[in-house]
Amino acid sequence: MYDPVQLRTFLTVAQTLSFTQAAGRLGVRQSTVSQHVRRLEEATGRPLFLRDTHSVELTEDGEALLGFARTILEAHERAAAYFTGTRLRGRLRFGASEDFVLTRLPEILEGFRHEHPEVDLELSVELSGTLHERLDAGRLDLVLAKRRGPGDERGRLVWRDRMVWIGAEGLRVDPDRPVPLIVFPPPGITRARALEVLERDGRGWRIACTSGSLSGLVAAARAGLGVMAHTRGLIPPGLVRVAGLPDLGPVEFALLRGGRGSPAAEALASAVLSGADRLTRPA
């Protein structure tokens, strides 16, 4: 009843909330994306998106279809893999940003390992800046990380959001004193962004806590030691947005491949892109 190609297009639009970005990710024309969505709406008999010239949003029925679409596509892929008899093998070195430690990324990786048990998956969780360096040095095959900033268009866009200041509930930043910062060490992209916007705004700052672990930063923030820059859609439980500080701007997460491509890297990239909406949900 439901065409897997149309369902994959639907999920991509739901992830990007943009017909244009979905077309770019899928490598098709925008008119093709619109056609797939229209035919899926005809098949379901329900509108799946509310859209105008400025925005795209899922309807209630669109939200309901997300889970069904993922289930149908996963079953379709399992059947295809079984009957084609293709089995991926080899070593795959995958790097993921610290940002995704507390999300559903482990579920995506678990599903990949279930589908491809003969692939030796090696996971590295690091700062995005470190992952870029290791990818460029040929030490990783596939990376899910923040883009370095405006003008960086490497890789396939997975998710776009904004960065915000967060801290413990009730925390207030004194405008007459240096901003107490909770940050990753260099070459953290989030750290660099935080320092850049504060200096551009003429705000003084001091480092209240440095940790290479997101869990360590979150613990310091919950203790009220200061504020940290973080992706808006990934705010950990127990922390809230903090007002009164300069805007941190947008952030983009992308999948980047190393020099030597492989079927295993392509398969994992496809799994991450198909499950991208789960990356914003806490584990």
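Guide: One term to start: buried means under 20% relative accessible area, exposed means over 50%, and partly exposed is in between (1.4 Å probe, protein chains only). This is a predicted model, where local features need pLDDT of at least 70, side-chain atom pairs count only at pLDDT 80 or more, and totals for chains, interfaces and linings use all residues. Residues are numbered from 1 along each chain as its sequence is written, and side-chain values use heavy atoms, with hydrogens and water left out.

Visitor: Okay, so how many salt bridges does the structure hold?
Guide: There are 16. A salt bridge here is a side-chain nitrogen of Lys or Arg within 4 Å of a carboxyl oxygen of Asp or Glu.

Visitor: Show me one. What does R51 meet in a salt bridge?
Guide: R51 pairs with E41, at 3.7 Å from N to O. R51 sits in strand β1 (residues 49–51) and E41 in helix α3 (residues 30–44), ten residues apart. Helices (H or I, at least four residues) and strands (E, at least two) are DSSP runs, numbered from the N terminus.

Visitor: Is R51 buried or partly exposed?
Guide: R51 is partly exposed, at 42% relative accessibility, whereas E41 is buried at 15%.

Visitor: And which side chain does D161 meet?
Guide: That of R232, in a salt bridge of 3.1 Å, N to O. D161 lies in strand β6 and R232 in the loop between β9 (228–231) and β10 (239–241), so the pair ties together parts 71 residues apart in sequence. D161 is buried, with a relative accessible area of 8%, while R232 is partly exposed at 39%.

Visitor: Which residues are linked in a network of salt bridges?
Guide: D136, R148 and R154. Within it, the side chains of D136 and R154 meet at 3.3 Å, N to O.

Visitor: Switching topic: which residues are buried in helix α5?
Guide: In α5 (residues 105–115), L105, I108, L109 and F112 are buried. They're on the same side of α5 because they cover an arc of only 95 degrees around the axis. That arc is taken from the directions from the helix axis to the C-beta atoms.

Visitor: What's on the face turned away from the buried side?
Guide: The exposed residues E110 and H114.

Visitor: And what do the buried residues of α5 pack against?
Guide: They pack against β3 (90–97), β4 (119–126), β5 (142–146) and α9 (263–274). Contact means heavy atoms within 4.5 Å.
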